[in-house]
Amino acid sequence: MSIQVKISKTGPFQIGHTILTGKTNQPICPVKAVKMYLITRTNTPGPLFRHQSAPHKDSLTSETKSLLAISGVNPMRYAGHSHRIGAATTAASVGLPLG
């Protein structure tokens with residue numbers, strides 16, 4: 001699966017990037033999760049991920065911990081910074097360049 005990010009606030013040249021991910025065949029699979037999300041998302045133009053208002057870091061962390069608990073994963077091992085760490089680790093493991 002590829003997701004095209006048109007522009008990033010952290011990109012020094014304000015250029016887009018493509019995020020690639022593959023099926024994992026695990027109980028929690030990013031490709032399967034996005035496909036399921038797209039079934040429930042309305043088909044109107046706009047951002048891929050929507051929230052009634054911009055999610056605050058605390059609400060994102062709270063929601064993530066709730067979903068981890070539902071999935072049987074210990075939520076105490078994760079924090080808001082886990083999203084950034086996980087993305088950086090994944091990018092490095094597939095050889096994406098730094099910065």
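At 43% relative accessibility, Ala79 counts as partly exposed. This residue sits in the loop that links α2 to α3, the latter covering residues 82-93.

Which residues does Ala79 touch, once neighbours within four places in sequence are set aside? Its contacts are Thr61 and Lys65. Lys65 lies 14 residues from Ala79 in sequence, and their C-alpha atoms are 8.0 Å apart in space.

Is Thr61 buried or exposed? Thr61 has 15% relative accessibility, and because the cut-off for burial is under 20%, this residue counts as buried.

## Helix α2 and what follows

How far apart are the end C-alpha atoms of α2? They are separated by 20 Å.

After α2 comes Gly72, and its phi angle is positive, near 85°. Further along, the loop between α2 and α3 brings us back to Ala79.

## The chain as a whole

Stepping back, the chain contains three helices and two strands. Read from the N terminus, the order of elements is β-β-α-α-α.

Of the 99 residues in the chain, 9% are buried, and Thr61 counts as buried. The chain exposes about 8,600 Å², with carbon and sulfur atoms supplying 62% of that area. Among contacts between residues at least 6 apart in sequence, 9% join residues at least 24 apart. The pair Ala79 and Lys65, for its part, is separated by 14 residues in sequence.

## Confidence

How confident is the predictor overall? The chain has a mean pLDDT of 80, and 89% of its residues reach 70 or more.

Which element has the lowest confidence, and which the highest? The lowest is α3, with a mean of 74, while helix α1 (residues 30-40) is the highest, at 88. A friendly reminder for reading the model: where pLDDT is low, the predicted coordinates should not be read in detail.

Conventions: Residues numbered from 1 in each chain as written. Predicted model: local features only at pLDDT ≥ 70, side-chain atom pairs only at ≥ 80, totals over all residues. Heavy atoms only, no water. Helix = DSSP H or I, 4+ residues; strand = E, 2+ residues; numbered from the N terminus. Buried < 20%, exposed > 50% of the residue type's maximum accessible area, 1.4 Å probe, protein only. Contact = heavy atoms within 4.5 Å. Areas by Shrake-Rupley, 256 points an atom, 1.4 Å probe, with all protein chains shown as cover. Expected span 1.5 Å × (residues − 1). pLDDT = per-residue confidence, 0-100.
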